[in-house]
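Hi,

Here is the structure I promised to pass on.

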Amino acid sequence: MPLFFSSKNITIKKKFLLPSFFYSIGLVVIFLSLSIFYNSYRQSNNLIIDLVEQKNILSQFEIKVANISQDLVRLLYLKEKDRDALILASAEGLAAVMVDFRGLALKHDLINDMSLAEEIEPSIDELRLLTVKIVGFVLTNNLFQALSVHESHYVVQATQILNFVDEAHYGKLAQIDSIHEDIELQLKVFMVILLIEFILVFIVLYISYVRIAKQLVDPIKQLQHAANIIVKYYSLEEEVEDYFSYSIDALQKIDSQDELGLLSNDFKKMISSIKLGTKERMEVNHQLLIMNKQLINTQGQLLQSAKLASIGEISAGLAHELNQPLGAIKLSAEFAHELMGESKVDDKKVIAKLERIMGQVDRAAKIINHLKVFSRQGEHEFSQTDMNWVVEESFVLLAEILKMASITLTLELASDLPKVNCDYIQIEQVLTNLVTNARDAMEESDDKRLIVCSYLSGDNVCVDVQDRGKGMSEALVAKIFDPFFTTKKVGKGTGLGMSISYGIIQEHGGMLLVSSEEGQGSCFTLSLPQTRLN
Amino acid sequence: MSKILLVDDDEVFNESLREYLEYKGFTVLSAFNGKQGLDMITTDSPDLVITDIVMPEFEGIELLTAVVIDSVKAKPKIIVISGGGRIGSSNYLSVAKEMGADAVFEKPLEFKLLVEEIKRLLA
């Protein structure tokens with residue numbers, strides 16, 4: 001049922017205005033029906049009041065006629081002496097009754113019942129005439145004639161009048177009943193009409209509201225659906241084209257021209273903009289990912305380069321360190337060779353030389369192995385590590401370069417340190433960097449001492465690398481961890497060692513701190529969180 | 001009998017060389033750092049000193065300087081051995097030679113040549 005007010009092309013405001021208008025009309029119609037019924041009821045009621053009054057008058061009249069008849073009978077049959085007195089009174093009374101009756105009849109015209117009045121009036125006149133005749137005969141002592149008139153005319157006439165009045169009386173009663181019935185019928189009809197009106201108003205309002213609600217809810221559902229599609233797929237970061245199209249498809253179902261239709265159009269535009277923006281963003285993201293990969297690659301290469309650079313730093317010491325066992329091996333081998341050449345070979349001596357050779361080969365192998373592990377490229381593993389062990393391992397290679405720089409090393413390692421979760425090769429790289437820097441700082445120093453100590457500070461395992469070098473100014477300290485910052489001569493340092501060390505320690509969740517005083521030396525503190533025992 | 005003082009902080013090398021030279025018939029004393037070596041030069045008056053260059057605290061060049069320039073009266077013959085220096089071993093050895101070392105050797109060395117050189121210097 002297409003209702004004009006539920007058209008898709010009018011605004012929501014108007015959609016709601018029209019049913020309200022219709023509802024008002026319904027109320028007016030119901031009010032009019034009510035007032036019509038009330039008027040009709042009041043008229044019927046007035047009629048009933050009139051009829052009741054007429055009925056009462058008729059009753060009174062009946063009583064009075066009966067009284068007069070009774071008086072006449074008494075007048076006719078009483079003794080002379082008494083009769084005289086009565087006649088006077090009765091004649092006066094009768095006259096008064098008749099006057100009364102006429103007065104009543106005239107006054108009310110027997111109300112609206114002219115026919116009744118016209119019909120009854122001649123009979124009453126005649127009855128009055130007969131009464132006057134009878135009274136006249138009695139007064140002239142013509143009693144016989146009076147009796148004769150009374151019996152043959154008066155009684156007949158009076159009976160006729162009484163019968164008539166009686167009928168009229170019943171007629172009025174019947175009329176009243178019929179009016180009552182009418183009123184009840186009207187009431188029923190009115191109730192039915194009222195009910196029909198209510199039902200009609202309800203049905204029309206219900207249908208229009210349902211249609212309006214549908215027109216409001218359907219587009220809102222589509223909007224919600226479209227928004228859901230975007231929210232659901234937006235986080236997936238997948239191909240954007242498809243789900244934006246799905247979303248716009250969902251909105252195509254909204255074809256109304258009202259406020260929601262306009263909102264849907266704006267929504268479509270918005271999705272199109274987001275689609276463009278997202279496409280661009282994903283391209284940028286893609287490029288960022290590629291760049292990030294390159295950056296991670298470069299970072300790995302940088303770490304490796306820095307490590308190789310630090311191997312370069314210690315290579316001279318390494319050569320010297322390797323030459324020590326090699327020297328001993330060569331000497332022992334020559335010695336053994338000579339011993340074997342003797343006429344009487346002392347096996348014990350030869351074996352002792354060979355054992356020394358084996359021992360020195362192990363010593364050289366240990367250095368080489370350490371270097372191999374240290375320079376290994378790629379991913380390193382984190383493990384629960386004893387910090388003191390890392391420090392001692394580091395000095396396998398570092399001790400020699402300190403010796404070559406005439407630096408006295410003092411190791412003060414605290415016992416019972418908790419373990420730390422670390423990649424020990426990276427920590428060794430940091431220590432190597434700190435120690436070689438300390439060595440360079442003490443190049444021109446008179447007091448060539450390096451103190452390395454480990455200790456527990458709160459929840460952190462710390463290692464101090466403390467030199468007696470030239471120290472640094474505050475300005476220098478502020479820049480010490482900056483990439484490419486170096487105080488060394490061109491070609492000597494990359495300027496990356498400290499920043500890389502800083503990065504390594506940060507990745508371990510630790511801190512690399514420095515305190516320095518010009519002319520007094522510097523102290524670098526490497527601090528790593530201890531492993532929590534659960 | 002000639003007395004030789006060995007100054008080398010590497011205990012194994014020091015020990016090996018001492019045994020070898022003793023086998024060759026020399027009396028050998030061992031010192032493990034420059035300071036100890038210098039003290040023993042004064043107290044034990046060795047005929048020949050064989051010293052390493054790179055040592056903690058008091059290194060070979062310092063020992064050499066002390067022996068050559070400072071007031072050590074009976075100057076012993078000095079042979080300098082090095083396993084490599086800060087920049088390059090040969091560099092250090094040439095410095096040592098300029099400073100008055102009688103002979104220089106680079107590790108790993110031919111010990112027969114060393115013995116010959118000792119014999120030549122002590123002859």
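What share of the contacts in chain A with a separation of 6 or more comes from residues 24 or more positions apart? The figure is 75%. Before you read on, bear in mind that this is a predicted model.

Of its 534 residues, 26% are buried.

One helix to look at is α9 of chain A, residues 424-441.

Towards the end of the chain A numbering, have a look at strands β6 (residues 511-517) and β7 (residues 521-529). These two run antiparallel and are joined by seven bridges. Across the pair, A:Glu517 sits opposite A:Gly521. The hairpin has three residues between its strands, and A:Gly519 there has a positive phi near 85°.

A:Val477, in helix α10 (residues 474-479) of chain A, belongs with this part of the story. If you skip the neighbours within four places in sequence, its contacts are A:Met472, A:Val514 and A:Ser516. A:Val477 comes out as partly exposed because it has 16 other C-beta atoms within 10 Å; the cut-off for buried is 20 or more.

A:Ser406 has a positive phi near 60°, in a residue other than glycine. You will find A:Ser406 in the loop between α8 (387-404) and β2 (408-413) of chain A. In chain B, B:Ser45 also has a positive phi, near 45°, and B:Ser45 lies in the loop between α2 (34-44) and β3 (48-52) of that chain. Are they buried, exposed or partly exposed? A:Ser406 has 19 C-beta neighbours inside 10 Å, so it counts as partly exposed. B:Ser45 has 13 such neighbours inside 10 Å, so it counts as partly exposed too.

On to where the chains meet. The contact is made by 20 residues from chain A and 19 residues from chain B. On the chain B side, helix α1 (residues 11-23) gives the largest share, with six residues. By type, that side of chain B has 10 nonpolar residues, five charged and four polar.

Last, the cores. In soluble globular proteins, nonpolar side chains tend to be buried together. Here the largest nonpolar core has 82 residues, and those with the most contacts inside it are B:Ile79, B:Val80 and B:Ala96. Leaving aside neighbours within four places in sequence, the contacts of B:Val80 include B:Thr51, B:Ile53, B:Leu64, B:Leu93, B:Ala96 and B:Val104. There is also a second, separate core of 10 residues, with A:Leu72, A:Ile134, A:Ala146 and A:Tyr154 among them.

Cheers

Technical notes
Residues numbered from 1 in each chain as written. Chains lettered and ligands numbered in written order. Predicted model: local features only at pLDDT ≥ 70, side-chain atom pairs only at ≥ 80, totals over all residues. Buried ≥ 20, exposed ≤ 12 C-beta atoms within 10 Å, placed from the backbone. Contact = placed C-beta atoms within 7 Å. Pairing = 2+ DSSP bridges. Helix = DSSP H or I, 4+ residues; strand = E, 2+ residues; numbered from the N terminus. Nonpolar A, V, L, I, M, F, W, Y, C, P; charged D, E, K, R; others polar. Expected span 1.5 Å × (residues − 1). Core = buried A, V, L, I, M, F, W, Y, C linked by C-beta atoms within 7 Å.
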